[in-house]
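Please keep the structure in view while reading.

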Amino acid sequence: MPTNEIDFEITEEKDKTINQLVDTLTTELNFLKDLDTAGRRGISKMGRKNLDLVERTFQHAEGNPEFIPNFTSLSEFKKDFDLSKWLRKLEKKLDLLSDKIKDTAMLAESESFLAARLFYGSVKSAAGAGNEKAEGIARDLAVHFKKYGPKNTEQARKNQKQTESQENQTAKL
């Protein structure tokens, strides 16, 4: 293959370990909520600008408890604020991990799709030369490559040239 940026095989053991870690994380975070759209719309939101406001407000409330309304609990305020800060940090870490997972999946998909196209091109060539086994394989795979068929001959020509170019590069290796 011309490029191989992803070279990792997921073993049964690695799959089991990673899934156990995700399950453990899910279990440990059993307090997380799943809001629907209406629930998200109906609550106050604290953006970055409000983070400082809430922190300063807590400091003032802590130092001046006489102003805390009877229906407000300073300890609950602190717990909620500490949790929100901790969850934001965790969210950032998980977002970075999620982005890496998505990017790696995209690369792996791209590499496997390229291998499939190269194989299909090779089978089509063999089928064109009269190889009966290749003809059956080509017919089976042709269904998946219809968008490159007669309806879109310009794209099919571009893809064929790209496949031939990649095959030539592979042959040189």
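The protein chain has 6 helices and 0 strands. The model is a predicted one.

Some totals describe the chain as a whole. Of its 173 residues, 13% are buried. For contacts between residues at least 6 apart in sequence, 60% join residues at least 24 apart.

The helix α3 covers residues 48-63, and alanine 61 lies in it. Is alanine 61 buried or exposed? Its relative accessible area is 15%, and buried means under 20%, so alanine 61 counts as buried. Apart from neighbours within four places in sequence, alanine 61 is in contact with Ile68 and Leu74. Leucine 74 is 13 residues from alanine 61 in sequence, and the C-alpha atoms of the two are 7.5 Å apart in space.

The helix α4 runs over residues 74-128. How does its span compare with what its residue count leads one to expect? With 55 residues at 1.5 Å a residue, α4 should span 81 Å. The C-alpha atoms at its ends are 79 Å apart, which agrees with that expectation.

Which residues of α4 are buried? They are Phe81, Leu90, Glu111, Leu114, Arg117, Leu118, Tyr120, Gly121, Val123 and Ala127. Serine 122 is also found in α4, but its relative accessible area is 41%. Since buried means under 20% and exposed over 50%, with partly exposed in between, serine 122 is therefore partly exposed. Between serine 122 and alanine 134 there are 8.9 Å in space, C-alpha to C-alpha, and the two are 12 residues apart in sequence. Just after α4 comes glycine 130, which takes a positive phi of about 100°.

The last stop is the largest pocket, which holds about 1,800 Å³ of space. Its lining is made up of 37 residues, and those nearest its centre are Leu32, Leu87, Leu90, Glu91 and Leu94. Two elements give two or more residues to this lining, namely α1 (12-28) and α4 (74-128). Which element provides the largest share? That is α4, with 18 residues. One residue of α4, Leu90, is listed among the buried ones and is also one of those nearest the centre of the pocket. By kind, the lining of the largest pocket divides into 24 nonpolar, 4 polar and 9 charged residues.

Methods:
Residues numbered from 1 in each chain as written. Predicted model: local features only at pLDDT ≥ 70, side-chain atom pairs only at ≥ 80, totals over all residues. Heavy atoms only, no water. 1 Å grid on protein atoms, 1.4 Å probe; cavity = no way out; pocket = protein on both sides within 12 Å on 5 of 7 lines; lining within 4 Å. Points joined across faces, edges and corners; volume = space filled by probe spheres on them. Helix = DSSP H or I, 4+ residues; strand = E, 2+ residues; numbered from the N terminus. Nonpolar A, V, L, I, M, F, W, Y, C, P; charged D, E, K, R; others polar. Buried < 20%, exposed > 50% of the residue type's maximum accessible area, 1.4 Å probe, protein only. Contact = heavy atoms within 4.5 Å. Expected span 1.5 Å × (residues − 1).
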